[in-house]
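Please read this briefing alongside the sequence and the model. It is arranged by topic, with cut-offs given where a term first comes up.

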Amino acid sequence: MVLRLALVTLLSLVLAVRPVAAQSILRDAETETLLNDMAAPLVEAAGLEPNGFEIVLVSDTSINAFVAGGQRVFIHSGLIMAADNANEVQGVIAHEIGHVTGGHSIAIQDAAGNAGGISLLSLLLGAAAIAAGAGEAGLAVLSAGSRAALGNFLAFSRTQEATTDLAGAQYLSAAGISGRGSLAFFRRLQNLEYRLNIPQDNSYNRTHPLTGERLAILEELYQNDPAWNAETDSELEARFQRARAKLIGFVQQPEQTLINYPESDTSVPARYARAYAWHKQAFPDRALAEVDSLLAGAPDDAYFLELRGQILLESGRPDEALADLRMALANSRNHPLIASLFGHALIATEDEEHLVEARRVLRTAVQRDNRNPFAWRRLGYIYSQEGDIARAYLATAEYATLAGSPQEALVNARQAMQGIPQGTPDWLRAQDIALIAESVIEERGGRRRNR
């Protein structure tokens with residue numbers, strides 16, 4: 001049992017190099033804008049290229065964040081929901097930026113590969129010993145090999161985490177952001193470890209240093225830092241509390257949201273969360289009442305308008321949703337995610353006169369953000385309605401690529417290439433999609449279709 005556990009643990013560490021594979025991504029215009037604004041001074045302090053840095057929100061209720069290649073930081077929705085304030089999340093972002101600047105997503109793959117090599121070699125030697133009749137000796141080889149592999153990997157990971165803690169502290173200081181939130185979040189993690197009865201006296205079997213050890217080092221650094229008493233901008237904090245409540249309303253069961261935010265709580269975050277809860281419970285009138293109360297105090301707020309339009313649209317009233325979504329789009333400076341919702345509403349009216357506007361809106365949306373599968377799917381529908389079947393195939397191929405369906409992407413990309421003039425930008429894009437899809441299919445063990 002111990003041996004099996006060690007092997008499974010090692011395997012899970014190797015597989016964890018690609019942690020987003022089985023998780024979904026949450027896209028929201030307000031939350032993405034907020035996270036980018038929260039990260040901006042830290043990105044500058046770290047000397048990263050702002051346009052190349054990205055925060056991705058993962059739909060996962062656990063408290064976690066990680067990097068997985070390039071300058072992309074993945075934050076679990078559970079971490080946002082658990083944080084008390086914006087400063088805590090900025091501490092996490094600073095830490096993850098430390099992983100980015102340290103190139104740790106690449107280095108950890110090498111370490112995992114080395115660990116896997118040790119384990120595999122031990123497995124082969126152990127199997128040979130068992131086959132030769134030396135059962136106990138074989139199990140001993142397996143156990144020793146897995147322990148060595150696991151020990152090497154964990155030691156490597158702990159070293160990375162310790163250096164990243166220091167890098168995160170440096171970036172917070174350079175950005176003039178207090179480390180109070182970072183310490184508060186580490187204490188939150190330590191309390192969670194206490195509740196789970198995780199041992200606090202031996203770091204050997206951990207991927208991270210002991211939380212108490214990390215706190216001891218960081219407390220001295222942060223408390224002596226000139227930014228220790230710096231306060232978070234009040235507007236940024238208010239935006240964070242809004243976005244956090246919105247996320248809770250979207251992710252949690254409505255009954256739990258209404259317990260967390262009772263109707264006696266008339267704050268903006270509470271009304272925002274309840275609007276989502278009522279909408280999820282199919283009470284559009286109560287949801288609209290909450291949003292209307294928010295708009296009474298901020299009639300031009302793009303995100304309140306977006307939510308009002310969404311409720312109307314998803315309640316079967318797309319014609320009524322258009323005015324709100326059109327204003328939300330204008331007031332958000334044409335945010336592509338709001339544009340895709342507006343385009344969908346235009347199509348949902350089933351009024352052919354709206355198709356021209358929907359086509360323009362959706363094309364602009366995918367030009368500004370081509371990672372929106374929903375927008376590509378809606379754009380494909382418009383192309384098909386207009387009789388432009390080749391570009392309908394291309395839009396469907398874009399959608400399938402983002403949805404993780406390489407076979408569908410390959411078929412549609414090839415169909416698009418047959419109907420689009422060779423050498424044009426759209427034809428070249430279809431060719432790129434086909435080549436990428438073929439590569440993914442091969443990696444997954446599939447076979448290319450004959451050209």
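This is a predicted model: local features need pLDDT of at least 70, side-chain atom pairs count only at pLDDT 80 or more; totals for chains, interfaces and linings use all residues.

Residues are numbered from 1 along each chain as its sequence is written, and side-chain values use heavy atoms, with hydrogens and water left out. The protein has 20 helices and four strands; helices (H or I, at least four residues) and strands (E, at least two) are DSSP runs numbered from the N terminus.

**Overall**

- Of the 451 residues, 47% count as buried, where buried means under 20% relative accessible area, exposed over 50%, and partly exposed in between (1.4 Å probe, protein chains only).
- Among contacts (heavy atoms within 4.5 Å) with a separation of 6 or more, 61% are between residues 24 or more positions apart.

**Helix α13 (302-314)**

- The 13 residues of α13 should span 18 Å at 1.5 Å a residue, and its end C-alpha atoms are 18 Å apart, in agreement; the expected span is 1.5 Å times one less than the number of residues.
- Because 11 of its 13 residues are buried, α13 is largely enclosed by the rest of the structure.
- Those buried residues are A302, Y303, F304, L305, E306, L307, G309, Q310, I311, L312 and L313.
- Their cover includes α2, α9, α11 (268-280), α12 (284-297), α14 and α15.
- At the N-terminal end, D301 caps α13, with a side-chain oxygen 2.9 Å from the backbone nitrogen of Y303. Such a polar contact is a pair of N or O atoms within 3.5 Å; within protein, one must be able to donate a hydrogen and the other to accept it, and residues adjacent in sequence count only if both atoms are side-chain atoms.
- G316 follows α13 and has a positive phi, near 85°.

**Helix α17 (373-386)**

- Buried in α17 are A375, W376, R378, L379, G380, I382 and Y383.
- Elements covering these buried residues include α15 (336-348), α16 (355-368) and α18 (389-402).
- N372 caps the N-terminal end of α17 through a side-chain oxygen 3.2 Å from the backbone nitrogen of F374.
- Just after α17, G387 takes a positive phi of about 85°.

**Salt bridges**

- Side chains of opposite charge can pair when their charged atoms come close.
- The count is 25 salt bridges, each a side-chain nitrogen of Lys or Arg within 4 Å of a carboxyl oxygen of Asp or Glu.
- R27 pairs with E32 in a salt bridge whose closest N and O atoms are 2.4 Å apart. R27 is partly exposed at 28% relative accessibility, whereas E32 is buried at 18%.
- E54 and R371 form a salt bridge at 2.7 Å, N to O. This pair links distant parts of the chain, with E54 in strand β2 (residues 54-58) and R371 in the loop between α16 and α17, 317 residues apart. R371 is partly exposed, with a relative accessible area of 34%.
- D426 and R391 meet in a salt bridge at 2.8 Å, N to O. D426 lies in helix α20 (residues 425-443) and R391 in helix α18, so the pair ties together parts 35 residues apart in sequence. D426 is partly exposed at 23% relative accessibility, and R391 is partly exposed at 24%.
- Salt bridges that share partners join D28, E30, R242, K246 and D301 into one network.

**Second largest pocket**

- The second largest pocket holds about 630 Å³ of space. On a 1 Å grid over the protein atoms alone, a pocket is an open set of points where a 1.4 Å probe fits, with protein on both sides within 12 Å along at least five of seven lines; lining residues have an atom within 4 Å of a point. Grid points are joined across faces, edges and corners, and a volume is the space filled by probe spheres set on the points.
- Its lining has 24 residues, of which R27, D28, F250, E306 and Q310 lie nearest the centre.
- β1 (25-26), α2 (29-45), α9 (234-251), α13, α15 and α17 each supply at least two lining residues.
- α13 gives the most to this lining, with five residues.

**Loop residues with positive phi**

- N334, in the loop between α14 (318-331) and α15, has a positive phi of about 60° although it is not a glycine. N334 is partly exposed, with a relative accessible area of 41%.
- E350, in the loop between α15 and α16, also is not a glycine and has a positive phi near 60°. E350 is exposed, at 74% relative accessible area.
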